[in-house]
Amino acid sequence: MQQIAIVTGGTSGIGLATAQALRQAGYTVYTFSRRGRGPEGLHHLCADVTDEDAVRTAVEQVIAREGRLDLVVNCAGFGISGAVEFTDTADAVRLFDANFFGMVRVNRACLPYLRQSRGRILNVSSVAAPVAIPFQAYYSCTKAAVNDYSLALANEVRPFGVTVAAVMPGDIATGFTAAREKSAAGDDVYGGRIARSVAKMERDEKTGMAPQVAGAYLCHLARKKRLKGLYAIGFTYKFFCLLAKLLPVRVLNALVFQLYAK
């Protein structure tokens, strides 16, 4: 039977690469985004993940057309940077609303149908979850929340045959970098460290892996028979995540300081 998938943030970056990989693997793919038009060859529905009614309506449209749902891949999100001290709380709330609660809204709307199909949810997180990045603290926090949510949800829905995992990319060369909302407020107080930290991160991103690598990996996980709770993409980032588990917190944070906060 044809597998039906929803990919949020599916018109750019990792989301688009994932949607294209799933289509090539034989899935019928619906992309959700705020854009009015989607990629050629994919079904697209305009649905802002921060709008619960829009999300529910879009999911119902998929079910009305296809009669089932087998896979949800949550890629929608954005980034902000700046010092915690100088970041407006409203901006942090807005980030959580998209990166975390946007995923929550989509999964809540989809779970009744995934229970019927014994389907799968893949939530895109980040290596910035286990390795918290200074001057991108709130982004790291949203992704840490995605990881814990995914592990808890996996156990809640396990008896229904629904599987859930969080997937942690590292540096990816996508439009995410240019779209990051950067604030240099307080950089004079912090001795230029905010700008230096973000500039280094963006250099790493621009030379990072292609989004197609992440898309192919997510497609692989979508089809994998057995699923564990957390995955990192690429040997280097798997190694970083292993270090985050093995090193004392003081040592790990000292290394991160040397890389991104000095």
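User: Why are α1 and α8 called oblique to each other?

Analyst: Helix α1 (residues 13–24) and helix α8 (residues 211–223) pack at an angle of about 50 degrees, with axes 7 Å apart. Under 35 degrees counts as roughly parallel, over 145 as roughly antiparallel, 65 to 115 as roughly perpendicular and the rest as oblique, so α1 and α8 are oblique. This is a predicted model, where local features need pLDDT of at least 70, side-chain atom pairs count only at pLDDT 80 or more, and totals for chains, interfaces and linings use all residues. Residues are numbered from 1 along each chain as its sequence is written, and side-chain values use heavy atoms, leaving out hydrogens and water.

User: Which residues of α1 and α8 meet?

Analyst: Among them are Ile14, Ala17 and Leu22 in α1, and Ala214, Leu218 and Cys219 in α8; contact means heavy atoms within 4.5 Å. By class, there are 10 nonpolar, 4 polar and no charged residues.

User: What makes Leu42 count as buried?

Analyst: Buried means under 20% relative accessible area (exposed is over 50%, partly exposed in between, with a 1.4 Å probe and protein chains only). Leu42 has 11% relative accessibility, so Leu42 counts as buried. Leu42 sits in the loop between β2 (28–33) and β3 (43–46), and beyond its neighbours within four places in sequence, its contacts include Leu16, Ala19 and Val29.

User: Which residues touch the most other members of the largest nonpolar core?

Analyst: Leu22, Leu71, Val73, Leu122 and Val167, out of 44 residues. The largest share of this core, 6 residues, comes from α8. A nonpolar core is a set of buried Ala, Val, Leu, Ile, Met, Phe, Trp, Tyr and Cys residues joined through side-chain atoms within 4.5 Å.

Methods: Axes fitted to C-alpha atoms, helices over the stretch in contact; angles between N-to-C directions. Helix = DSSP H or I, 4+ residues; strand = E, 2+ residues; numbered from the N terminus. Nonpolar A, V, L, I, M, F, W, Y, C, P; charged D, E, K, R; others polar.
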